[in-house]
Amino acid sequence: MLRALLLENIHPDAVQILRDAQIDVEVRSGALDEDELIEALADVQILGIRSKTQVTRRVLESTPGLLAVGTFSIGTNQIDLDAAASHGVAVFNAPFSNTRSVVELAVSEIIALTRRLTVRDKALHDGTWDKTAEGSHEVRGRTLGIIGYGNIGSQLSVLAENLGMNVVFFDTAEKLALGNARRVETLDELLGLADVVTIHVDGRKGNAGLFGDDLFARMKPGAIFLNLSRGFVVDVDALREHILSGHLGGAAVDVFPTEPKKRGDHFESPLRGLANVILTPHVGGSTEEAQQSIGHFVAKKLRDYLFTGSTTLSVNLPNLQLEHTGVGRIALLHRNVPGVLAAVNQVFADHGANIEAQMLATRGELGYVVTDISDVTHRGASSKLMEMDTTVRLRIRDAFDRPEFPPGPAAG
């Protein structure tokens with residue numbers, strides 16, 4: 001029986017989807033460190049994580065039976081994607097499922113900080129009736145500057161405009177502006193215009209340290225700052241200084257450079273205790289609706305990859321959308337060099353196998369060829385394909401939809 005390990009409180013619906021596919025599922029609530037993960041993955045083919053567990057090159061090299069990793073979140077920077085690809089391990093994420101939840105949190109924080117609700121709330125909890133309009137503003141007519149205009153940034157743009165805000169955005173890629181949002185050419189231009197600055201960039205290494213003291217200094221006096229993207233993109237010590245100096249009017253931070261491994265652990269940050277600063281424990285996508293949607297999306301991608309070979313929306317392998325055909329199937333992940341397809345088909349021809357269907361996709365250094373063929377496992381062709389020096393991983397499925405996995409990658 002295939003085995004899956006799901007960590008970090010993944011939604012129960014994901015567990016059920018995999019179990020309904022006759023996969024043995026083990027569930028653990030917290031994250032695992034590198035050594036713990038290697039030990040836990042012995043005889044496991046599927047790993048499910050969220051944001052804390054790090055799937056390093058060493059983990060992948062130490063677990064040759066691992067076939068797929070599902071990150072039940074948007075980000076994939078916790079996984080060494082190049083190492084996963086070179087070892088034939090497919091990685092799937094949920095690029096859209098929690099978009100609305102993150103956007104709603106951002107909108108609520110923009111309103112709360114602009115009205116200084118955190119300050120008023122604390123005063124009342126401390127027993128002080130502080131009824132004043134000082135420092136409190138409407139969001140209508142104010143300018144929101146969005147850094148990163150992807151799925152989240154663009155949807156936030158629409159909702160903010162519906163609240164009466166003016167929207168400008170900066171993105172290194174060409175993006176279609178929605179509604180009346182306006183693209184600016186430089187970060188400096190955005191920072192000079194925005195009353196609220198919010199970051200929604202991805203986890204690529206080039207974004208590390210993106211927002212530091214120099215950019216905070218260029219923000220408008222009294223402006224609000226939000227980071228609901230990645231902890232490592234912001235210098236939190238610099239943010240603290242600009243809050244304490246009064247240059248910034250407030251901030252909301254949901255992600256941090258270092259985060260505790262599990263619920264209940266101690267949290268430390270230089271941003272603790274600051275006035276009009278909202279700190280949340282990486283819960284941007286943590287609504288019941290989002291987690292259920294993510295659970296369904298990623299679990300189905302993992303299931304389909306195992307039983308059909310479909311790699312649609314895989315973040316590190318060539319993408320092929322595949323369905324059940326009722327015949328045997330060989331899925332070959334290989335190094336993308338000239339002549340591989342011809343060599344594969346020559347093996348089939350040498351063994352008298354009749355190809356019923358074949359699909360090929362490439363992505364960077366990898367190619368993925370999937371061949372539907374009757375009784376291929378009994379003709380000896382599969383062993384010849386395993387011996388090819390270009391083979392990274394070979395997977396076989398018979399006509400009864402039973403997957404077979406030759407032991408580990410043949411190369412790479």
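## Helices α5 and α7

Mentor: In this predicted model, α5 passes α7 in a right-handed crossing, a label given when the near helix is turned clockwise from the far one by less than a right angle.

Trainee: What angle do α5 and α7 pack at, and how far apart are their axes?

Mentor: Helix α5 (residues 99–114) and helix α7 (residues 151–162) pack at about 50°, and their axes lie 9 Å apart; the axes are lines fitted to C-alpha atoms over the stretch in contact, with angles running from 0 to 180 degrees between N-to-C directions. The pair is therefore oblique, the class left once angles under 35 degrees (roughly parallel), over 145 (roughly antiparallel) and 65 to 115 (roughly perpendicular) are taken out.

Trainee: Which residues in α5 and α7 meet?

Mentor: From α5, T99, R100, V102, V103, A106 and V107 meet N151, I152, Q155, L156 and L159 of α7, where contact means heavy atoms within 4.5 Å. By class, that contact has seven nonpolar, three polar and one charged residues.

Trainee: Switching topic, how many helices and strands does the protein chain have?

Mentor: The protein chain has 13 helices and 17 strands, which are DSSP runs (H or I of at least four residues for helices, E of at least two for strands).

Trainee: And how much of the protein chain is buried?

Mentor: Buried residues, those under 20% relative accessible area with a 1.4 Å probe, make up 51% of the 412 residues.

Methods: Residues numbered from 1 in each chain as written. Predicted model: local features only at pLDDT ≥ 70, side-chain atom pairs only at ≥ 80, totals over all residues. Heavy atoms only, no water. Nonpolar A, V, L, I, M, F, W, Y, C, P; charged D, E, K, R; others polar. Buried < 20%, exposed > 50% of the residue type's maximum accessible area, 1.4 Å probe, protein only.
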